[in-house]
Amino acid sequence: MLAAWRLSQRAVTFIPRVRSQTLNPLPMAAAAAAAASPKRLRVYSSVSGDGRSANGAGSGKRVGTHNGSFHCDEALGCYLIRLTSQFAGADVVRTRDPQILDTLDAVLDVGGVYDPSRHRYDHHQKGFNEVFGHGFNTKLSSAGLVYKHFGKEIIAKELEVSEDHEDVHRLYLAIYKSFVEALDAVDNGINQYDTDQPPKYVNNTHLSSRVGRLNPDWTDPDQSPEKENAAFQQAMMLAGSEFMESVRFHVKSWLPARSIVLECLLSRGKVDPSEEIMVLDRFCPWKLHLFELEEELKIDPLTKYVLYQDERSKSWRVQAVGVAPDRFESRKPLPEKWRGLRDDELSNDIGIPGCVFVHMSGFIGGNKTYEGALEMARAAINLQVSKEEQDPIGYLPLLVLATLRRSVLAIAAHMLSRPQVPLDLTLNVCHV
């Protein structure tokens with residue numbers, strides 16, 4: 001971790017590390033002090049009037065992006081490319097002048113060209129449809145383009161391993177999925193859901209929105225390039241610091257948790273012959289890993305219950321696995337007749353000592369001991385669950401149809417049991 005911290009400080013040294021909650025991470029005095037050193041981040045424009053754009057402003061590489069209103073994708077893209085060995089400590093030049101852009105070592109989000117061999121990473125031109133690949137189909141923004149080409153290098157430095165290490169590739173995909181892809185989608189105007197319905201609430205708290213609010217307000221009398229460039233520095237640091245927090249979370253927490261879940265998943269047969277019960281020998285975030293690993297390894301049968309120890313009470317939990325990571329429905333909820341019962345009443349009802357509770361929805365229960373929790377899971381596995389318990393909503397139409405069918409059959413039987421009326425008499429009655 002320390003090596004990665006030094007990396008980020010070498011790339012951007014004008015302020016200490018900032019947390020994602022900080023919306024003003026760059027004091028103006030610090031920015032002025034930072035501009036004195038070519039090793040530190042300097043953002044300037046071709047129209048700033050300070051003369052630096054003419055001679056390259058010191059030493060090192062120069063990365064270009066457009067001036068004017070900025071967005072999260074180029075802010076993050078500029079931050080990321082400066083974490084690479086090739087562009088470490090590069091100045092950032094903000095301009096739309098094609099003659100100046102042609103002289104720069106890399107250009108992001110402007111210029112109308114995507115050519116990684118020349119480090120041109122724009123996504124606005126007609127015919128651009130580049131995606132990340134690996135099963136992801138979201139059109140890339142400039143941030144996604146930089147990450148696609150340099151993400152493995154950045155992650156390998158954080159892990160202090162080579163780029164071809166299996167964990168680098170695993171994190172490369174996971175961080176795109178959990179962090180970068182959303183920025184690509186927002187910048188390209190891709191809705192999160194395929195629906196014409198208006199959203200039920202407004203969300204202006206996501207990273208792209210917070211970066212957008214760093215643009216100088218239209219009511220501010222100072223609309224100078226210097227003010228805009230200072231704001232862009234803040235945007236780079238906000239987006240970059242949250243990206244690095246995501247990387248460090250995945251290194252410190254996500255990757256070890258995945259290893260634990262994988263080990264426990266492959267040991268299900270030792271827990272119960274059904275292979276539908278998994279025991280976490282160490283608690284960790286497991287839900288998303290379980291779904292991804294089951295799909296990746298083509299696990300059959302799927303896990304129905306996960307057992308783990310509650311750290312505070314030291315009792316054990318039996319949790320039903322959901323049908324999907326973002327769904328409340330369970331693959332096999334705990335039996336309906338157990339739900340809402342507690343302690344001795346529950347133990348007496350199901351014949352397992354040490355029971356603590358079963359939630360009213362059936363998604364989780366508890367027992368004082370591991371052995372008791374395992375017996376609860378085994379009993380639930382072996383108990384035949386009715387269709388209405390598995391899917392009470394989906395079962396209702398079938399129940400209605402079955403009831404209607406029984407009613408129709410009863411009416412028909414009753415009619416058949418009555419004396420038959422001659423056809424001609426029926427016709428005579430109808431014409432009276």
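**A first look around**

Tutor: Happy to! Let's start in a loop: Glu160 sits between H6 and helix H7 (166-187). Keep in mind that this is a predicted model.

Student: What's the phi of Glu160 like?

Tutor: Glu160 has a positive phi of about 60°, although it is not a glycine.

Student: And is Glu160 buried or exposed?

Tutor: Glu160 is exposed, with a relative accessible area of 53%.

Student: Where does Glu275 lie?

Tutor: Glu275 is in the loop between helix H10 (268-271) and E9. Its phi is positive too, about 60°, and Glu275 is not a glycine either. At 33% relative accessibility, Glu275 counts as partly exposed, because the cut-off for exposed is over 50% and for buried under 20%.

Student: Back to H6. At what angle do H6 and H9 pack?

Tutor: Helix H6 (residues 142-159) and helix H9 (residues 225-265) pack at about 55°, and their axes are 11 Å apart. The two helices are therefore oblique to each other. Their crossing is right-handed.

Student: Which residues meet there?

Tutor: From H6 you have Tyr147, Ile154, Glu158 and Leu159. They meet Phe243, Met244, Val247, Arg248 and Val251 in H9.

Student: New topic: which residues of H11 are buried?

Tutor: In helix H11 (residues 287-297), those are His289, Leu290, Phe291, Leu293 and Glu294. These buried residues pack against H9, strand E9 (277-279) and strand E10 (305-309).

Student: What comes just after H11?

Tutor: Lys298 does, and it takes a positive phi of about 55°. In the loop between H11 and E10 you will also find Pro301. The peptide bond from Asp300 to Pro301 is cis, with omega near 5°.

Student: Zooming out, how many helices and strands are in the protein chain?

Tutor: The protein chain has 16 helices and 13 strands. Of its 432 residues, 45% count as buried. The chain exposes about 23,500 Å², and carbon and sulfur atoms supply 55% of that.

Student: What about the confidence?

Tutor: The mean pLDDT of the protein chain is 83, and 76% of its residues reach 70 or more. Over residues 1-39, though, the pLDDT is below 50; this stretch has 72 contacts in the model beyond near neighbours in sequence. Residues 386-396 also have a pLDDT below 50, with seven such contacts.

Student: How should I read those parts?

Tutor: Where pLDDT is low, the predicted coordinates should not be read in detail.

Note on methods:
Residues numbered from 1 in each chain as written. Predicted model: local features only at pLDDT ≥ 70, side-chain atom pairs only at ≥ 80, totals over all residues. Heavy atoms only, no water. Helix = DSSP H or I, 4+ residues; strand = E, 2+ residues; numbered from the N terminus. Buried < 20%, exposed > 50% of the residue type's maximum accessible area, 1.4 Å probe, protein only. Areas by Shrake-Rupley, 256 points an atom, 1.4 Å probe, with all protein chains shown as cover. pLDDT = per-residue confidence, 0-100. Contact = heavy atoms within 4.5 Å. Axes fitted to C-alpha atoms, helices over the stretch in contact; angles between N-to-C directions. Parallel < 35°, antiparallel > 145°, perpendicular 65-115°, else oblique. Left-handed = near helix turned anticlockwise from the far one by under 90°.
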